[in-house]
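Keep the 3D view open while reading.

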Amino acid sequence: MPTAFRLFRAVAIAEAFSWAGLLVGMFFKYVVVGNEIGVRVFGPIHGALFVLYVLAVLSAARAGQWSRGTVVLGLACAVPPFVTVWFERRMTRRLEPAAPLAAAHAESA
């Protein structure tokens with residue numbers, strides 16, 4: 001599995017966790033106690049991971065020669081909460097059938 005794709009997978013999952021932290025922080029800020037510490041902590045973390053996710057999608061897309069539509073879908077998946085994990089799983093499933101073929105080809109060479 002290419003390094004760019006492994007980085008993409010890790011960042012996609014981390015971005016979803018940061019969404020969870022931010023949503024919990026917003027719940028406490030606006031519903032429970034009115035304290036914004038959760039948003040102050042998870043807001044910048046989520047922002048940084050959002051930017052890293054965009055860069056990771058572009059890097060994996062370039063390395064894996066994704067279609068323009070796949071890239072647009074991957075970037076759009078950064079906006080709704082937790083959808084980066086769905087997209088990561090989708091792209092991983094696309095690569096998995098190719099893995100045994102690549103291993104068999106490498107052994108025969």
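Start with helix H1, residues 3-32, in this predicted model. At 1.5 Å a residue, the 30 residues of H1 should span 44 Å, and the end C-alpha atoms lie 42 Å apart, which agrees with that expectation. Just after H1, Gly-34 takes a positive phi of about 75°.

Next, look at which residues of H1 are covered. The buried ones are Ala-4, Phe-5, Phe-8, Val-11, Ala-12, Glu-15, Ala-16, Ser-18, Trp-19, Gly-21, Leu-22 and Gly-25. Where do the buried residues of H1 pack? Their partners are helix H2, residues 37-64, and helix H4, residues 83-95.

With a limit of 6.5 Å between ring centres, the count comes to 6 aromatic pairs. One of them joins Phe-8 and Tyr-53, with 6.0 Å from centre to centre and 40° between the planes, a tilted arrangement. Phe-8 belongs to helix H1 and Tyr-53 to helix H2, so this pair ties together parts that are 45 residues apart in sequence. Both Phe-8 and Tyr-53 are buried.

Phe-8 also pairs with Trp-66. Here the ring centres are 5.6 Å apart and the planes stand at 80°; because planes over 60 degrees apart count as edge-to-face, the Phe-8 and Trp-66 pair is edge-to-face. Trp-66 sits in the loop between H2 and helix H3, residues 68-76, whereas Phe-8 is in H1, so the pair links parts 58 residues apart in sequence. Are these two residues buried or exposed? The cut-off for buried is under 20% relative accessible area. Phe-8 counts as buried because its relative accessibility is 0%, and Trp-66 counts as buried at 16%. Phe-5, Phe-8, Tyr-53, Trp-66 and Phe-87 form one aromatic cluster.

Now step back to the protein chain. It has 5 helices and 0 strands, and from the N terminus on its elements run α-α-α-α-α. Of its 109 residues, 28% are buried. Among contacts with a separation of 6 or more, 62% are between residues 24 or more positions apart. The accessible surface of the chain comes to about 6800 Å², and carbon and sulfur atoms account for 70% of that surface.

Key
Residues numbered from 1 in each chain as written. Predicted model: local features only at pLDDT ≥ 70, side-chain atom pairs only at ≥ 80, totals over all residues. Heavy atoms only, no water. Helix = DSSP H or I, 4+ residues; strand = E, 2+ residues; numbered from the N terminus. Expected span 1.5 Å × (residues − 1). Buried < 20%, exposed > 50% of the residue type's maximum accessible area, 1.4 Å probe, protein only. Contact = heavy atoms within 4.5 Å. Phe/Tyr/Trp six-rings, centres within 6.5 Å; stacked < 30°, edge-to-face > 60°. Areas by Shrake-Rupley, 256 points an atom, 1.4 Å probe, with all protein chains shown as cover.
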